[in-house]
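This report describes a two-chain model in terms of local packing, chain architecture, confidence and chain contacts. The sequence and the coordinates are shown first.

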Amino acid sequence: MKARLWSWLVLAFGLLYFALPLIGTVEFSLRKRRGEYSFDAYRWVFADPQFRETFSYSVIMALFTIVVGILIVVPTAYWVRLRFPRLRPLIEFVTLLPLVIPPIVIVFGYIRLYNTSSLLPLTGSAMGTNILLMMGYATLSLPYMYRAVDTGLRAIDVRTLTEAAQSLGAGWITILSRVILPNVLVAVLSGAFLTFAIVIGEFVMAALLNRPAFGPYMQLMGANRAYEPAALAVIAFSITWFCMGLIQLATRFSAHSRAKRS
Amino acid sequence: MSAETTTIERARTGLPLAWLGLAPFAIFATLFLILPTMYIVVGAFQTADGTPTLRNIVNLFQPSILAAYWISIRISFATALLGCLIGFAIAASVTLGGLPKPIRGPIMTFSGVASNFAGVPLSFAFLATLGRVGLVTVLLREWFGVNIYSLGFNLLSFWGLTLVYLFFQIPLMVLIITPALDGLRREWREAADILGASGLQYWRMVALPILTPSLLGTFALLFANSFGAVATAYALTGSSLSIVPIVLFAQIRGDVLQDPHLGYALAFGMIVVTGVANGLYVWLRARTERWTR
């Protein structure tokens, strides 16, 4: 009985700590007009051309990052499971490195390694820097993407599916795109939504590579405006929640379809 | 026999063709993860004209840089410790504390989301809540006549930053430690009861020794997690709080140390700290798995 009382106390404390900043942000974002609540801060944000530019830039970057991430991770995870099971610990180790090496160090390396006087002068042009930033994002999302896809592959019989497809005359591209990918689609989707959430709010890489992304824009607003940052935080949090909600939905959906099949 | 099957046959015999399948990943990882990191690490041990040296590492031991590392380590330590304690309390309440079952799902989902909240928006959220005109600050003043800022509280300080970091540290702890708490078998508790152990004795002599590796491991992970975080601190304090990532940020932008190779050494130091912390986590986790098998 005493234990239960303690549990409720702990829970209440946790609820307070986590709810107050969220409530505080929403309340603050509505305070722009003196004396009454209004959506003025949001109106200001949505009318700001810089918001639209940076936000769409980050959305496009996120989409490209997801495509590149899928193209790199799915074939690799599949190939490792099929042909090089012994290499799995090594590959897994490499995919976890971005969690160990701070992103600021990785981007520091990019700036020095790909400067204008190097063999691959990516930072020399806007397009090159965009590609570099996208590769940076793909690196950041690598641990999540790889783990999601690898877990998805564990649930299916890769070898049998491959042999069945081969005996029907399918080539590697067909096997990957029409047999393997549909089977791990839910895993790929949850990796993709997480990547989206990471890329939209990312600050360090975009700021140091000087690209007009949403993260640096938010930071700039934080330094210059009063109520708009709170509105931006509400928008950013909603996007994160939305992405996580989609992941939940995707997993739940797969659990249902799998249960029906068996 | 089509050309396709012959390739498969050749791949099956173990000829280099099978290795080609790993090439995209290998190229990607080398170009955008390993080479950039190596460049920094090697640069930390070189002079400007490329001769090997330890001078950069020695130069790290100057008061201003040591102070940056010290405050970073203290913040990471404080957030990791408090994150572990509070996260453990929440996870224990949910798994063992007899709370109604249905609240567990939402708490785990929320933890998954909140552990990803680190970044610029999080600092805005706390400024809007505990800043000088934030919701809680104002309410405390109007309802209770308590002005936390005249009591010495400041969000842009050591404890302020710790309070903000806990918002993503606690959920991470909850996510990692809940499975470990689920792994505590009911039989162990019953066996302890039968042998006459009190609740406290069960925790001190059975549960905690089993959980210690996971607790220490998660502590190391939380430590690394907060040591590498930049965006939250930068958006919150600008450059007024000189933690290592912020000094490095300023160094990359404008060479404030006036020595590029000292910058590499600074970054190398960060890799060492987060590397050791993560290594501890992996090692301790391997030890935990003995019990959960």
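B:Pro213 touches B:Leu284, B:Arg287 and B:Thr288, leaving aside residues up to four places away in sequence; two residues are in contact if their C-beta atoms, placed from the backbone, lie within 7 Å. The model is predicted: local features need pLDDT of at least 70, side-chain atom pairs count only at pLDDT 80 or more, and totals for chains, interfaces and linings use all residues. Residues are numbered from 1 along each chain as its sequence is written, while chains are lettered from A and ligands numbered from 1 in the order in which they are written.

B:Pro213 belongs to helix α11 (residues 199–227) of chain B; helices (H or I, at least four residues) and strands (E, at least two) are DSSP runs, numbered from the N terminus. Its C-alpha atom is separated by 8.7 Å from that of B:Tyr281, 68 residues apart along the chain. Is B:Pro213 buried or partly exposed? B:Pro213 counts as partly exposed because it has 19 C-beta neighbours inside 10 Å. A residue is buried if 20 or more other C-beta atoms lie within 10 Å of its own, exposed if 12 or fewer, and partly exposed in between, with C-beta atoms placed from the backbone.

Chain B is divided into domain 1 (1–44) and domain 2 (62–292), with bounds from an automatic or database domain assignment. Their C-alpha centres lie 38 Å apart. Four residues from domain 1 of chain B and five residues from domain 2 of chain B form the contact.

Between the chains, 56 residues of chain B are in contact with 61 residues of chain A. Helix α3 (residues 23–44) of chain B supplies the largest share of the chain B side, 11 residues. That side comprises 39 nonpolar, 16 polar and one charged residues. Here Ala, Val, Leu, Ile, Met, Phe, Trp, Tyr, Cys and Pro count as nonpolar, Asp, Glu, Lys and Arg as charged, and the others, Gly among them, as polar.

Chain A has 12 helices and zero strands. Its C-alpha trace spans about 75 × 70 × 35 Å along its principal axes, and buried residues make up 45% of its 262 residues. Chain A averages a pLDDT of 89, with 96% of the residues scoring at least 70; pLDDT is the predictor's confidence in each residue, from 0 to 100.

| Element of chain A | Mean pLDDT |
|---|---|
| Helix α12 (residues 228–261) | 80, lowest |
| Helix α3 (residues 49–82) | 94, highest |
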